[in-house]
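The entries below follow the order in which I worked.

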Amino acid sequence: MDDLPLLLGVGAGVVLVSVLAVRLSTRVGLPSLLIYLAIGVALGESGLGIRFDDAGLTQALGVAALVLILADGGLSTRWTTVRPALGLGVALSTIAVAVSIGVTGLALWALLGLDLRIAFLWGAVLSSTDAAAVFSVLRNLGLKGRLVGALELESGLNDAPVFLAVVLLSSTAALSWTDPLLVVYELVAGGLLGGALGRLGALGLRRAALPATGLYPLATLSVCILAFASAQLLHASGLLATYVAALVLGNSTLPHREGSRSFAEGLGWLAQIGLFVLLGLFVSPDRLGAALVPALIAGAVLLFAARPLSVVAAAAFARVPWREQAFLSWAGLRGAVPIVLALIPLTEGLPGAQALVDAVFVLVVVLVLVQGTTLPLVARALGLAGDSKVEEIEVDAAPLDTLRADLLQMTVPEGSKMHGVYVRELRLPEGSGLSLVVRDGASFTPQDASRIQEGDQLLVVTTETARAAAEERLRSVDRSGRLARWRGDTGGSPSLRRRRDGEDGTAPGTMER
């Protein structure tokens with residue numbers, strides 16, 4: 001108990017510095033994970049002298065952090081964004097993973113003289129991309145087409161098959177022809193279980209009248225964690241079950257859905273900070289010099305052979321233009337996941353596992369520095385970066401159970417084309433209406449002649465049946481102003497509008513259902 005104030009103070013200080021580092025990393029265009037890792041190294045044995053070398057505990061905490069990160073990723077992923085890229089995203093998470101393991105394993109077996117099974121283990125550990133690393137760099141690029149959806153799906157789905165491959169290759173038991181069938185079972189069972197629990201969770205949350213708003217985010221996140229635990233107990237993929245359950249919940253009509261997403265995002269950031277600091281604390285800088293050459297060789301193989309070939313294989317049936325394939329090849333950033341996966345053979349006592357952990361740590365830092373600094377340049381050179389970042393407004397909902405109605409709350413963002421629009425020009429659907437505006441701390445009941453301004457907080461009352469149409473109308477006016485419908489903007493996400501306009505290979509006017 002005497003050390004508790006010190007531990008809490010150090011922990012709070014680390015989190016505070018890490019949160020402030022997010023702004024710095026955004027300005028310089030680098031993933032904040034490098035700063036978190038540096039904080040961990042500074043606290044470790046070569047810095048302040050904190051010695052931490054428990055691989056088993058680090059792995060367990062790492063997997064727990066990955067569960068929270070995947071839950072955040074699934075809850076914040078909009079189905080209308082990823083749906084056009086569903087086939088490509090799944091292919092990148094399966095076909096590309098298999099190709100990457102094979103190419104990397106064979107190359108490292110030939111170049112580094114590793115045992116063939118150990119070489120494939122290196123390939124498996126290095127084949128998983130990292131959502132936190134990818135999107136901390138991509139968030140300001142305004143990427144065109146289906147690239148964002150494909151990268152989101154890949155980073156959320158590929159952890160599961162890679163984790164299973166690493167576990168199999170780390171075992172001392174001989175590999176069997178039934179192992180691929182086991183992997184397929186675990187993935188299918190995990191996906192189905194996650195989808196079922198997500199649907200049941202959404203149904204239960206809609207029917208439950210919880211006494212406090214803050215209980216809805218807790219319940220939502222608990223469903224995601226329950227999906228992981230249930231799948232693991234049934235010998236299915238817990239990581240895949242977590243992501244699928246979160247994806248279903250995040251795209252269901254839930255009370256206080258945006259509040260749940262914000263809560264999960266905060267926990268996701270905390271998990272990332274804790275995980276990267278822990279990994280930086282675990283690594284020993286004295287050993288990293290010896291790992292530099294193997295890491296650089298593995299990085300070159302991964303960057304210039306394994307990743308491009310795996311993207312070509314995954315995109316073979318998706319008709320992906322070569323520019324997008326080139327960008328996807330360069331956007332395969334690695335982060336915490338490979339380091340956590342490298343701890344699995346270390347806890348199993350596999351020979352050479354410590355060298356793998358050290359090499360992966362060096363490689364992650366090198367690849368983030370190389371790819372992270374050049375990714376915006378590559379996007380612009382390939383003509384894939386937009387002029388500005390496209391943001392969807394957030395519309396939060398609170399249920400009015402006895403009235404069978406919802407309250408929609410939104411804030412008019414800076415640069416919104418809703419600025420200057422008269423209330424009568426909103427043309428909200430029948431069954432909904434703007435009931436209150438909060439401006440500069442003062443609230444008033446708007447009239448038809450009232451004009452909306454940037455920074456206004458709007459409160460819309462809508463019936464359950466009109467809620468979806470009201471949300472779409474608010475988003476369309478936010479993007480296109482009072483003439484949104486005349487310009488063809490009928491709501492939904494940018495990817496949904498592209499499908500309606502025929503830009504994704506469908507006939508103009510084709511609607512997603």
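This is a predicted model: local features need pLDDT of at least 70, side-chain atom pairs count only at pLDDT 80 or more; totals for chains, interfaces and linings use all residues.

**Entry: α6 and α9**

I looked up the axes next. Helix α6 covers residues 116–125 and helix α9 covers residues 159–170. Their axes come within 9 Å and cross at roughly 160 degrees. Angles over 145 degrees count as roughly antiparallel, so I put α6 and α9 down as roughly antiparallel to each other.

Then I listed who touches whom. From α6 I have R117, F120, L121, A124 and V125. Across from them, α9 supplies V162, A165, V166, L168, L169 and S170. I sorted the residues of this contact by class: nine are nonpolar, one is polar and one is charged.

**Entry: α3 and α16**

I turned to another helix pair. Helix α3 runs over residues 55–76, and helix α16 over residues 336–347. I read a crossing of roughly 140 degrees, with the axes coming within 9 Å. α3 passes α16 in a left-handed crossing.

On the α3 side I wrote down A55, G56, T58, Q59, G62, V63 and L66. On the α16 side I wrote down V337, V340, L343, I344, L346 and T347.

**Entry: aromatic pairs**

How many aromatic pairs does the structure hold? I got two. I followed up the one made by F304 and W330. Their ring centres are 6.5 Å apart and their planes stand at 50 degrees, so I logged the pair as tilted.

I then placed both residues. F304 sits in helix α14 (residues 285–314), while W330 belongs to helix α15 (residues 322–330). The pair therefore ties together parts that are 26 residues apart in sequence.

Is F304 buried or exposed? I read 59% relative accessibility for F304, so it counts as exposed.

**Entry: G441**

I looked for G441 and found it in the loop between β3 (432–439) and β4 (442–444). G441 has 74% relative accessibility, so I marked it exposed. I also checked G441 against Q457, which is 16 residues away along the chain. Their C-alpha atoms are separated by 9.5 Å.

**Entry: whole protein**

I finished with the totals. I have 19 helices and five strands in the protein. Of the 513 residues, 51% are buried. Among contacts with a separation of 6 or more, 76% are between residues 24 or more positions apart.

Technical notes
Residues are numbered from 1 along each chain as its sequence is written. Side-chain values use heavy atoms; hydrogens and water are left out. Axes are lines fitted to C-alpha atoms, for helices over the stretch in contact, and angles run from 0 to 180 degrees between N-to-C directions. Helices (H or I, at least four residues) and strands (E, at least two) are DSSP runs, numbered from the N terminus. Angles under 35 degrees count as roughly parallel, over 145 as roughly antiparallel, 65 to 115 as roughly perpendicular and the rest as oblique. Contact means heavy atoms within 4.5 Å. Ala, Val, Leu, Ile, Met, Phe, Trp, Tyr, Cys and Pro count as nonpolar, Asp, Glu, Lys and Arg as charged, and the others, Gly among them, as polar. Rings of Phe, Tyr and Trp (its six-membered ring) pair if their centres lie within 6.5 Å; planes under 30 degrees apart count as stacked, over 60 as edge-to-face and the rest as tilted. Buried means under 20% relative accessible area, exposed over 50%, partly exposed in between (1.4 Å probe, protein chains only). A crossing is left-handed if the near helix is turned anticlockwise from the far one by less than a right angle, and right-handed if clockwise.
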